[in-house]
Amino acid sequence: MARMESIYARGDDSVLFLVFYEDISDKDLPLQMLGLIECKSYMEYPHNDAQGKVAFWDQLATSISK
């Protein structure tokens with residue numbers, strides 16, 4: 001649903017952010033989601049890395065502001 005909304009709301013500039021807060025096994029993801037992960041970039045939240053969390057939020061803010 002988010003993917004379709006991003007296409008219609010932005011014309012040709014489709015935007016979809018995938019943020020994985022927890023580890024999810026490939027077998028637990030729908031095939032359509034796996035296809036997006038394989039061809040698009042995504043971000044994983046670094047639970048046990050304080051410096052990684054700062055980098056995560058900086059990267060997310062930069063990606064959104066583009």
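In which helix does Ile64 lie? Ile64 belongs to helix H3, which covers residues 50-65, where helices (H or I, at least four residues) and strands (E, at least two) are DSSP runs numbered from the N terminus. The model is a predicted one, in which local features need pLDDT of at least 70 and side-chain atom pairs count only at pLDDT 80 or more, while totals for chains, interfaces and linings use all residues. Residues are numbered from 1 along each chain as its sequence is written, and side-chain values use heavy atoms, with hydrogens and water left out.

The chain holds 3 helices and 2 strands, and from the N terminus on these elements follow the order α-β-α-β-α. Of its 66 residues, 20% count as buried, a word that stands for under 20% relative accessible area, with exposed meaning over 50% and partly exposed the range in between (1.4 Å probe, protein chains only).

In soluble globular proteins, nonpolar side chains tend to be buried together. Here the largest nonpolar core consists of 6 residues, namely Leu18, Phe20, Leu29, Leu34, Leu36 and Ile37, and its largest share, 3 residues, is supplied by helix H2 (residues 31-39). Such a core is a set of buried Ala, Val, Leu, Ile, Met, Phe, Trp, Tyr and Cys residues joined through side-chain atoms within 4.5 Å.

Met43 is placed in strand E2 (residues 43-44) and counts as buried because its relative accessibility is 8%. Leaving aside residues up to four places away in sequence, Met43 touches Leu18, Val19, Phe20, Phe56, Gln59 and Leu60, a contact being heavy atoms within 4.5 Å.

A search of the whole structure finds 3 aromatic pairs, where rings of Phe, Tyr and Trp (its six-membered ring) pair if their centres lie within 6.5 Å, and planes under 30 degrees apart count as stacked, over 60 as edge-to-face and the rest as tilted. The rings of Tyr45 and Trp57 have centres 6.2 Å apart and planes at 70°, so this pair is edge-to-face. Tyr45 lies in the loop between E2 and H3 and Trp57 in helix H3, so the pair ties together parts that are 12 residues apart in sequence. Tyr45 counts as buried at 17% relative accessibility, whereas Trp57, at 47%, counts as partly exposed. The rings of Phe56 and Trp57 have centres 5.0 Å apart and planes at 85°, so this pair is edge-to-face.
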